[in-house]
Amino acid sequence: MKGNVILIGFMGSGKTTVGLKLSYCLRRPVIDTDKEIEKDEKRSISDIFATDGEAYFRDKETECLEKLLADTGNKILSVGGGLPLRQRNRELLHKLGKVFYLRADAETIYERLKHDTTRPLLQGDDPKRKIRMLLEERDACYREAADVVVTVDGKDFEQILDEICRQAEDAG
Ligand code: S3P
């Protein structure tokens, strides 16, 4: 197993912000799989979904993890909210390092994302219902992928960072 610190969780659970702060605390670079894919594809996630569909994007996520496995050096990896749904991706995550699930409830996520236009999966009529449904569907996969579950509701970033840093030490 490699020694990356990996953040998974639903859209809006705070992976990007926590990843950046952790990068500073642990003095390691941070890699965001969504950004890597956008860079490789030279277009936004919304464009990828609209033009080539979700399945194409999911294949790019798996390719991205495979590339990271060949990478040297320990990093912070912040991964897209749907990435752990594939069994193959969960296996790759375990090989890549210690996985932290940032667990947020539907209310927290809705409040954070109600004005967001960049998540194609939440652009329908009733985003609150969609969040509840997807979260319910995904929670078991996130838990299966995770070494540590970090509940984020009602906590500030300092508390979350503290929890992760204390348990990230043995990640290499
Ligand atoms: C997705 C989450 C997004 C992005 C894409 C699909 C998902 O990433 O990968 O819009 O299926 O949950 P974030 O979790 O960083 O928002």
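In which kind of crossing, left-handed or right-handed, does α1 pass α7? The crossing of α1 past α7 is right-handed, where right-handed denotes that the near helix is turned clockwise from the far one, and left-handed that it is turned anticlockwise, by less than a right angle. The structure is a predicted model, in which local features need pLDDT of at least 70 and side-chain atom pairs count only at pLDDT 80 or more, while totals for chains, interfaces and linings use all residues. Residues are numbered from 1 along each chain as its sequence is written, and side-chain values use heavy atoms, with hydrogens and water left out.

**Helices α1 and α7**

- Helix α1 (residues 15-26) packs against helix α7 (residues 157-168) at about 55°, and their axes are 10 Å apart; helices are DSSP runs (H or I, at least four residues) numbered from the N terminus.
- Axes are lines fitted to C-alpha atoms over the stretch in contact, and angles run from 0 to 180 degrees between N-to-C directions.
- The angle therefore makes α1 oblique to α7, given that under 35 degrees counts as roughly parallel, over 145 as roughly antiparallel, 65 to 115 as roughly perpendicular and the rest as oblique.
- Thr17, Val18, Lys21, Leu22, Cys25 and Leu26 of α1 meet Phe157, Ile160, Leu161, Ile164, Cys165 and Ala168 of α7, contact meaning heavy atoms within 4.5 Å.
- By class, this contact of α1 with α7 comprises ten nonpolar, one polar and one charged residues; Ala, Val, Leu, Ile, Met, Phe, Trp, Tyr, Cys and Pro count as nonpolar, Asp, Glu, Lys and Arg as charged, and the others, Gly among them, as polar.

**Helices α2 and α3**

- The axes of helix α2 (residues 33-41) and helix α3 (residues 45-70) come within 9 Å and cross at roughly 110°, so the two helices are roughly perpendicular to each other.
- The residues in the contact of α2 with α3 divide into eight nonpolar, one polar and eight charged.
- α2 passes α3 in a right-handed crossing.

**Helices α4 and α6**

- Helix α4 (residues 87-96) and helix α6 (residues 127-145) pack at about 30° with axes 9 Å apart, which means that α4 is roughly parallel to α6.
- Gln87, Arg90, Leu93 and His94 in α4 meet Cys141, Glu144 and Ala145 in α6.
- That contact of α4 with α6 divides into three nonpolar, two polar and two charged residues.

**Ligand surroundings**

- Lys15, Asp34, Arg58, Arg119 and Arg138 come nearest among the 13 residues around the ligand, a residue being near if one of its heavy atoms lies within 4 Å.
- An N or O atom in the side chain of Arg58 is 2.7 Å from an oxygen atom of the ligand.
- A polar backbone atom of Gly81 is 2.8 Å from a ligand oxygen atom, and for a polar backbone atom of Gly82 the distance to a ligand oxygen atom is 3.2 Å.

Conventions
Polar contact = N/O pair within 3.5 Å; in protein donor to acceptor, adjacent residues only side chain to side chain.
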